[in-house]
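Hi everyone, thanks for coming.

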Amino acid sequence: MSTPRLAALDGLRLLAAVAVAVFHLGVGWRIDGVRPPAYFLPTASHWAIYGFLGVELFFLISGFVICMSAWGRTLGGYFVSRASRLYPAYWVCIAITVTVLVALPISGGVPVEGLPDLPGIAVNLTMLQQPLGVASVDTVYWTLFVELRFYLLFAIVVWAGTTYRRVVLFCAVWLTVAVLAPAWKLPFVELVAVPEYASYFVAGMAMYLIYRFGPTPLLYGVVGMAWLVSMSRLGRRLADVHPGFEVPSWPGYLLVTLCFVVMLAIAHHRADLIQWRGLTVAGALTYPFYLLHQRIGYTLIRTAHNLTHAPPWVLITGAMLVVGGLAWLVHRYIERPLTPLLRGSLNRGIAATRAPALSAGRQ
């Protein structure tokens, strides 16, 4: 089953990935292991700090895209599409990251050091290391567990059959539970409901309904409520950032609101004429780039800094270009050939489970 490819969303994916990378590589650590980011980037660090909000944009896009790609799929097809999309690149990016960290270990001034043991690395291959209490090879993987919980919840809609009414009901119920979950103080509900980020996925899904069926007061209401919930939760996210200088909150609220506005413009078909193939390629590279950028970027920048003492912006730009090249290699030689192979294997496995049931029904 094919779904329309929106180049504008690919462009937004790239923007989100670059923003997160700028935050991690420019502000999220100490380039020389000692001095804070503001020492090396006295001006740029004050705006680069908001790059972590690229994650919120990722979740908005995910709500839109998963609803779009899952429409009309069976539950088996939905599972196959997600697994074949996520795992090949993820497995290889873990291997690349581990190899770089073993070859060029760094310490001091980084938010994460060392590696899990071999059993821990094996657990990482499942993407379930967080609920299993195992350290991640790279801390950026935390967003994958957020995404997995969204996929699991949305599977309920796919199983029932994806319709306008069911998606709206799902959005309303999930957002309500996400708002109430912290007050209930039930760990399992908080784990499943993802109260910190549910509003972004809900807004993305409602925006896809606007894109597919047209705007209605109901859908605007869902998006508006999701925006309000997002604003209420954003303060804690901003307060948790401690770069060593004051971080005003208002730019964060403004940037996230701008993300909602841009996504609404896409939902209203304002970006349909954007068809630049380069954006599609960039969107395809975003996932491996995101998986590779943080710890490999730290290693590249620290090593180059010790050897050359080049300006920080040169080191950061160079590291991002190298990681971008690695991402292209992963996409070209891993994702493109292995994704269809894994998809075919999973489809055959699902078909094999159905065969006995069909045979029994004919007897």
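**Pockets, core and a few residues**

Let's start with the lining of the second largest pocket: by class, 17 of its residues are nonpolar, 7 are polar and 6 are charged. For those classes, Ala, Val, Leu, Ile, Met, Phe, Trp, Tyr, Cys and Pro count as nonpolar, Asp, Glu, Lys and Arg as charged, and the others, Gly among them, as polar.

Before I go on, a word on what you're looking at. This is a predicted model, where local features need pLDDT of at least 70 and side-chain atom pairs count only at pLDDT 80 or more, while totals for chains, interfaces and linings use all residues. Residues are numbered from 1 along each chain as its sequence is written, and side-chain values use heavy atoms, with hydrogens and water left out.

Back to that second pocket. It holds about 700 Å³ of space. Of the 30 residues lining it, the closest to its centre are Phe-23, Phe-52, Arg-237, Asp-240 and Val-241. A pocket here is an open set of points on a 1 Å grid over the protein atoms alone, where a 1.4 Å probe fits, with protein on both sides within 12 Å along at least five of seven lines; lining residues have an atom within 4 Å of a point. Grid points are joined across faces, edges and corners, and the volume is the space filled by probe spheres set on the points. Helices H1, H11 (217-239) and H13 each supply at least two residues of this second lining. Helices, by the way, are DSSP runs (H or I, at least four residues), numbered from the N terminus.

Now the largest pocket, with a volume of about 1,400 Å³. It has 46 lining residues, and the closest to its centre are Arg-5, Arg-13, Val-65, Arg-82 and Arg-85. By class that lining has 20 nonpolar, 14 polar and 12 charged residues. Which helix gives the most to this lining? H4 does, with 9 residues. Among the helices that supply at least two residues each are H1 (7-26), H5 (75-103) and H14 (312-362).

Is Glu-335 buried or exposed? Buried, because its relative accessible area is 6%, and buried means under 20%, exposed over 50%, and partly exposed in between (1.4 Å probe, protein chains only). Its contacts, meaning heavy atoms within 4.5 Å, include Arg-85, Ala-89 and Tyr-287, leaving aside residues up to four places away in sequence.

Next, the inside. In soluble globular proteins, nonpolar side chains tend to be buried together. In this model the largest nonpolar core has 115 residues, and those with the most contacts inside it are Phe-64, Phe-154, Trp-174 and Met-205. A nonpolar core is a set of buried Ala, Val, Leu, Ile, Met, Phe, Trp, Tyr and Cys residues joined through side-chain atoms within 4.5 Å. Beyond its sequence neighbours up to four places away, Phe-154 touches Met-205 and Ala-70, among others. Ala-70 sits in helix H4 and is buried, at 0% relative accessible area. Ala-70 also touches Tyr-78, Val-158 and Thr-162, again not counting residues up to four places away.

Over in helix H1 we find Val-20, which is buried at 1%. Its partners include Phe-52, Phe-58 and Tyr-290, with residues up to four places away not counted.

Val-194 isn't a glycine, yet has a positive phi of about 50°. It's in the loop between H9 (187-193) and H10 (198-213), and it's buried, with 1% relative accessible area. His-269 also has a positive phi, near 65°. That one is in the loop between H12 (250-267) and H13, and it counts as partly exposed because its relative accessibility is 37%.

That's my tour, so over to you.
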